Amino acid sequence: MGRRLPLPVLLAALIGGAFVVLPVVGLVARAPWGRFGDVLAGEGARTALRLSLEVSLAATALSVVLGVPLAWVLARREFRGRSVVRALVVLPIVLPPVVAGVGLLEALGRRGLVGGWLDRTFGLQLTFSTAGAIVAATFVSMPLVVLASEAGFRGLDRRFEQAAGVLGASPGYALRRVVLPMVAPQLAAGAVLAWARALGEFGATITFAGNLQGRTQTVPLAVFQELQTDRDGAVALSLVLVVVSVAVLVALRERIMGAG
Amino acid sequence: MMKKVLWAMVGSALVVATACSSNGSSSAAPSASSSSTTTELTVFAASSLTAAFTQIGSDFETANPGVHVTFNFGSSTDLAAQIASEGTADVFASASETAMDAAAADPGVADRTDFATNQLVIITPPDDPANIGSVEDLANEGVQVVLAAEGVPVGDYAREMLDSAGVSTEVLANVVSNEPDDAAVVAKVASGEADAGVVYLSDIAAADVGSVAVPEDINVIATYPIAVVTAAPQPDLATSFETFVTGGQGQATLTSFGFGPAPR
Amino acid sequence: MGLRASIRVRRGTHVVDVDLHVADGEAVALVGRNGAGKTTVLEALAGLLPLEEGSIELDDRRIDSLDPERRGVGFAFQDGVLFPRMSARENVAFAARARGERATPARARADRLLEDLAPGVDPAARPAKLSGGERQRIALARTLASEPRLLLLDEPLAAVDASARPGLRTLLRDTLAAFDGPSILVTHDPVEAMTLADRLVLLEDGHVTQVGTPAEVRSHPATRYAADLVGVNLFEGTLEPAASGTGSLRTAEGELTVAWPDGLERVRTPGVRATLAPAEIALHAERPEGSSRNAFHGKVLEVAIGGSRARVRLDTEPPLVAEVTTGSVERMGLTPGTSVWASCKAVEIRLMVQTSGPDTL
């Protein structure tokens, strides 16, 4: 293999890169730089940003707490129907977000399968609430944690767990002190992807949790609404989200891609 | 061998990209020539017109063989913005004068005329769990109300109406979600997720919801303007469609879907 | 007390069927070719593999239904399998910490054990920074730190390079000698087996073919593999009376003239085994004269030089391994393909006439 890249590969890579970068360039080019300060000072924008961070971080945490054990079971336990379960767990990635939202409504809405019971028994309503926004975001981002973690667990030589076992460690202790430290890079990568997905979540959120400033209106929803009345403001707000996301991804990229 | 494959992939990607960017229609000549090619007419219409215009569209196709009508339904404000940036629309039928004004400013419209009116109505789930009997009931404690967002015509109208009724503050405090359009409001209420919503009269015909009339003195009459978009790909066909909508058959269809007649 | 195990495990089409008794303080070497099932036996003992049939008793206590962490079995893996994100000290302290002991005393004990077994190794170093030999020492320390009642070592010298082996071999010998429970060492290396173990258990195709001390196996190898292992020539065939008090041992690969054993009736006797020490075979360029009754002609297959002695493998009928001086190899120009005559005296061929099969103890 020569050191030069074959021309078609280079060309495809350039087109791919341009394809992804162009929308961001478009945003930057048409941003109302003069109005940036106003937009950010506005209560709507700041509330949306705060809510976005809250919801995305909570969804990431929930995805990790639930997703890592799930990935562990899928990786290590053989049981009938395992491939079906795995397919279902990954399904939210493939599902159109609005469809995911509809599904959530049918299950957890006020008149939903489980939601109805929650409402009647505990008076707990997830729709139209911040908790609902977190649920919607978790639903679409947890599969990313599961995928990354399962790959990590599967790639781990079983003998490490065996060694821990013969040395007297319970499976739980072995998981905590031997396995998790060894798959930490993959888990972290999964968590970052999940966070990014949760931050950008729109379709499931607006369908399931609704759209209300301060409670469920995250930045994507705020931008969508701003498009109706103040297009420039929408562009400004979009750019803020882009900048925040890029900053975090760049800061973490080395740690996760490099170290792993 | 590998190189050939790579070139083929790059080549096809470029072809696909250019094909997609060439404005909209995959069919041929703009002028109505041979009958073997269909002519595409693109109509941007407010989402409240979805049911009615789908019927009108199919009627128009029957009356004009070789024509295929494509609709883009959405919030009028959204549509006006899209028309300004995209340039693929032939006809624009809006639920608000403001949105039409925006389109008139950029890119410009011709043959603007009002073709229908609509009123507001309060909707509830079929079993009406919150017992809504009047506009004032929307202000009751614990009632979960959904409206279309501000900036969406029906959302603005609803707020106008609530203001006229004097219950603006209380009802707005009960709003749990601002939906992108009236169709979304109907969806939330019909499913029982929300207790009540405010939409157009035309929305309830096809929906499984209960309804409460809004008194005439506070109700907002929405006037729907229609126009041909400047630099439309099919200007003649667009005018033809507009005439159809304002004509006998079109008006009858609109009435059957709950719209009021065009204002004199 | 000690280990009494009856192990039957199926791995695909292979069946491993082994009975083992190992006394406290005894070190047994489980020897066999790769794929014979040695590691399978260890895994079954450690609880890493379920038994299809059988039982395992350690110190008069049934352990075969217990999880690995409850068995009190120590298992040192072939390439250490040290936890990469922990230092040497933390690896060695792992068992204690897993039991719930406090960090500081556990780490201190680990440090002391490391000083003993791996002097010169920095306890804070991570496994990746250490050599194969150092890693094996730490692995051994880690296993011993768990205070096991049964010690299992899987090919302990395999992942260690030649220069480090002697030192590690000495360490293992001392460790096995000092260990007061039963210990089992798996190896395919005869030198390891002979020098470290009190007893050998030979495993072929999942079954035990011989059990005995190194001396017993050396003098009476029961199978071709055992013979190869201890480095003697082994023959098996039918013994028939021949001229003037001699006998003829007819094997499938060739015929040998032997001295008729005292006290054996001079009749055709099947199922006779015989060994011949390689050093008793003389090599000649020409057909030898003299009283040696056995002379075989063949080509040299392989020459393995070890110091002043050399082992020469021949494709004679029957095949033979001869041991000569390196000088002889040079003088006769012995290389693979060279034609040569091999001879030995009939009396040097030692016959084993026995009716019992391989030991199963």
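Predicted model: local features only at pLDDT ≥ 70, side-chain atom pairs only at ≥ 80, totals over all residues.

User: How many helices and strands does chain C have?

Analyst: Chain C has 10 helices and 20 strands.

User: What box do the C-alpha atoms of chain C fill?

Analyst: Roughly 80 × 45 × 35 Å, taken along the principal axes.

User: And what percentage of chain C counts as buried?

Analyst: 43% of its 361 residues.

User: OK, new topic. Which pair of chains has the most contacts?

Analyst: Chains A and B. Two pairs of chains touch, and that pair comes out on top.

User: How many residues does each chain put in there?

Analyst: Chain A gives 21 residues and chain B gives 24.

User: Which elements of chain A are involved?

Analyst: Helix H1 (7-30) and helix H11 (219-229) of chain A each give two or more residues to the side that touches chain B.

User: What kinds of residues are on that side of chain A?

Analyst: The side of chain A that touches chain B has 11 nonpolar, seven polar and three charged residues.

User: How far apart are the nearest C-alpha atoms of chain B and chain C?

Analyst: They are 39 Å apart, and the two chains do not touch.

User: How many residues are in contact between chain C and chain A?

Analyst: 18 residues of chain C contact 14 residues of chain A. On the chain C side, helix H2 (68-71), strand E6 (73-76) and helix H3 (88-98) each supply two or more residues. That side of chain C divides into 12 nonpolar, two polar and four charged residues.

User: Let's go inside. How many residues are in the largest nonpolar core?

Analyst: It has 246 residues. B:Val91, B:Phe92 and C:Leu152 touch the most other members.

User: Which helix gives the largest share of this core?

Analyst: Helix H7 (residues 130-154) of chain A, with 14 residues. In chain B, domain 1 (38-117 + 223-256) and domain 2 (119-213) each supply at least three residues to this core.

Notes: Residues numbered from 1 in each chain as written. Chains lettered and ligands numbered in written order. Contact = placed C-beta atoms within 7 Å. Helix = DSSP H or I, 4+ residues; strand = E, 2+ residues; numbered from the N terminus. Nonpolar A, V, L, I, M, F, W, Y, C, P; charged D, E, K, R; others polar. Core = buried A, V, L, I, M, F, W, Y, C linked by C-beta atoms within 7 Å. Buried ≥ 20, exposed ≤ 12 C-beta atoms within 10 Å, placed from the backbone. Domains from an automatic or database assignment.
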